[in-house]
2 protein chains.
Amino acid sequence: MTYCVAMRLKAGLLFASDSRTNAGVDHIATFRKMSVFETPGERLITILNSGNLATTQSVISLLRERLAHDGPHLLNVPTMYAAAELVGRTLKEVVARDANDATLGQGVDFGANFLVGGQIRGEVPRLFHVYPQGNFLEATEDTPYFQIGESKYGKPIIDRVIRYDSSLSEATKCTLISFDSTIRSNLSVGLPLDVLLYQTDSFAPAAPHRVTHEDAYFNKLRRGWGEGLRRVFAKLPDEDWFSGQP
Amino acid sequence: MTYCVAMRLKAGLLFASDSRTNAGVDHIATFRKMSVFETPGERLITILNSGNLATTQSVISLLRERLAHDGPHLLNVPTMYAAAELVGRTLKEVVARDANDATLGQGVDFGANFLVGGQIRGEVPRLFHVYPQGNFLEATEDTPYFQIGESKYGKPIIDRVIRYDSSLSEATKCTLISFDSTIRSNLSVGLPLDVLLYQTDSFAPAAPHRVTHEDAYFNKLRRGWGEGLRRVFAKLPDEDWFSGQP
């Protein structure tokens, strides 16, 4: 499995993905389940993926291959909406090709989910969730984040602390804690993580951060969060459930 | 959906279930997704269920009906292992009846999961997870708890604090927090909750506790936990992710 989170905050965009099972394929700039398409100074588009690896690899490969072709591709589409639509269309193309083949489709789930976010000059940063059917949803100020893959373990902490005006540092702290909770409860999600932060209107080159078992900040968070939770838990009152019983 | 947790600790057994969607059917002693079969002084068996409501209702109804028949039933089986086996057998019987009918089975999931725990005089308390296939797993000292239904949101806190030697008060506190996290992140799980605690070797009559929106202890926990988490989060260090960037 996989766990990916993306947030679209006032301060900018956050992308984070684990790296278990899947391997990246993009030669442009791929960081495992994270693929980056960029023209520094003009656009940055980041794609996170979960689901059938054959499908996601094909989609990313086709998106990359077509950068050299005429016709719309991720480095010339005019808006992030068009970028999301292009990812959805490419996904439908791959699924139609693979799932219709007479030799395949026997109970195999060809589905994949993509988080597609970024900023193209002339627009604000935007973030989309492209569903296995190819249609897509955009993050809003009310719902500033999306998750794909093993999303449930790490959702409560995000729901509690993330708002549209959270800083990128807070968002990163929360996201790393969310991954820690997921990794502790589900073996199919594992380190290293890839984290990419983008400040609104910066159009700076992508500088993804790889979080390994040795990452000092991540380890400080894991330890501090675990100890803090146990401290809060211990301080909460106990109820005497048997006082009224014989 | 549903969320149920059961724990088998040194101190005794804990059972907890939400009450959204499903309604109980057992006349003996049913508390929504919780059904109790007991002979005070001799045995207490509690069953929690999730999954297809028609299936779970039928299984509980048959188990109840057969208390008046000859042959093995929940009030005369000699061990908790036999009780789990009986629940599994009854589940297979119901699924075979309903899912094989020519008028049904069109994409319907007839599956159900049961947590079956209790103590029968002569044995220690035991807890089983009966799978949709009717086979079952027993909780051990290493893995002292089971969850069914929407289990993922509320798993991290249990993994962090529950050990075989946790007290029943701690276990209840943890379970209520686990339900709170689940309820906040998933609308399909809702109050009121049913909580049943059983002290090892007590063979006391079941005294289930209903946790509503007005429950003072639950509200104290929700508030204290939420505030505590945010306090711990705020105190954890922030990283300056952009210091090295142009």
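User: Where does A:Glu65 lie?
Analyst: A:Glu65 lies in helix H1 of chain A, which covers residues 53-65. Keep in mind that this is a predicted model.

User: Is A:Glu65 buried, exposed or partly exposed?
Analyst: A:Glu65 is partly exposed, because its relative accessible area is 45%. Buried would need under 20%, and exposed over 50%.

User: How far is A:Glu65 from A:Gln119?
Analyst: Their C-alpha atoms are separated by 21 Å. Along the chain, A:Glu65 and A:Gln119 are 54 residues apart.

User: Back up a bit. How many helices and strands are in chain A?
Analyst: Chain A has 5 helices and 11 strands.

User: Why does its radius of gyration agree with a compact globule?
Analyst: A compact globule of 246 residues would have a radius near 18 Å. Chain A has 20 Å, so the two agree. Along the principal axes, the C-alpha trace spans about 80 × 45 × 35 Å.

User: What share of chain A is buried?
Analyst: Buried residues make up 57% of the 246. The accessible surface of chain A is about 10,200 Å², and carbon and sulfur atoms account for 50% of that.

User: And contacts between residues 24 or more positions apart, what share do they take?
Analyst: They account for 64% of the chain A contacts with a separation of 6 or more.

User: What about charges? How far apart are the mean positions?
Analyst: They are 4 Å apart in chain A. That compares 26 positive charges with 28 negative ones.

User: Which residues of H2(A) are buried?
Analyst: Among them are A:Met80, A:Ala84, A:Leu86, A:Leu91 and A:Val94. A:Asp98 is also one of the buried residues.

User: What covers them?
Analyst: The cover includes H1 and strands E5, E6, E7 and E8 of chain A.

User: Switch to chain B. What does helix H1 look like there?
Analyst: H1 of chain B has 13 residues, 53-65. From first C-alpha to last it reaches 18 Å, close to the 18 Å expected. Its buried residues include B:Val59, B:Ile60, B:Leu62 and B:Leu63. Strands E4, E5 and E6 and helix H2 of chain B are among what covers the buried residues of H1(B).

User: Take B:Ile60. Buried or exposed?
Analyst: B:Ile60 is buried, because its relative accessible area is 2%. B:Ala84 is 24 residues away in sequence and 13 Å away in space, C-alpha to C-alpha.

User: How many residues of H4(B) are buried?
Analyst: 16 of its 18 residues are, so the helix is mostly covered. H4 of chain B covers residues 168-185 and reaches 26 Å, close to the 26 Å expected.

User: Which peptide bond in chain A is cis?
Analyst: The bond from A:Leu191 to A:Pro192 is cis, with omega near -10 degrees. A:Pro192 sits in the loop between helix H4 and strand E10 of chain A. In chain B, a cis bond joins B:Leu191 and B:Pro192, with omega about -5 degrees.

User: And phi? What is it for B:Asp201?
Analyst: B:Asp201 has a positive phi of about 65 degrees, though it is not a glycine. B:Phe203 has a positive phi too, about 45 degrees, and is not a glycine either. B:Asp201 lies in the loop between E10 and E11 of chain B, and B:Phe203 lies in the loop between E10 and E11 as well.

User: Is B:Asp201 buried or exposed? And B:Phe203, buried or exposed?
Analyst: B:Asp201 is exposed, with a relative accessible area of 54%. B:Phe203 counts as buried, at 7% relative accessibility.

User: Last one. What does B:Phe242 touch?
Analyst: B:Phe242 touches A:Leu168, A:Leu197 and A:Gln199, leaving out residues up to four places away in sequence. B:Phe242 is in the segment after helix H5 of chain B. Its relative accessible area is 17%, so B:Phe242 is buried. The C-alpha atoms of B:Phe242 and B:Thr140 are separated by 48 Å.

Methods. Residues are numbered from 1 along each chain as its sequence is written. Chains are lettered from A and ligands numbered from 1 in the order in which they are written. This is a predicted model: local features need pLDDT of at least 70, side-chain atom pairs count only at pLDDT 80 or more; totals for chains, interfaces and linings use all residues. Side-chain values use heavy atoms; hydrogens and water are left out. Helices (H or I, at least four residues) and strands (E, at least two) are DSSP runs, numbered from the N terminus. The radius of gyration is taken over C-alpha atoms; the globule rule is 2.2 Å times the number of residues to the power 0.38. Buried means under 20% relative accessible area, exposed over 50%, partly exposed in between (1.4 Å probe, protein chains only). Contact means heavy atoms within 4.5 Å. Accessible areas come from the Shrake-Rupley method with a 1.4 Å probe; for residues, only the protein chains shown count as cover. Lys and Arg count as positive and Asp and Glu as negative; His and the chain ends are not counted. The place of a charge is taken as NZ of Lys, CZ of Arg, CG of Asp or CD of Glu. The expected span of a helix is 1.5 Å times one less than its number of residues.
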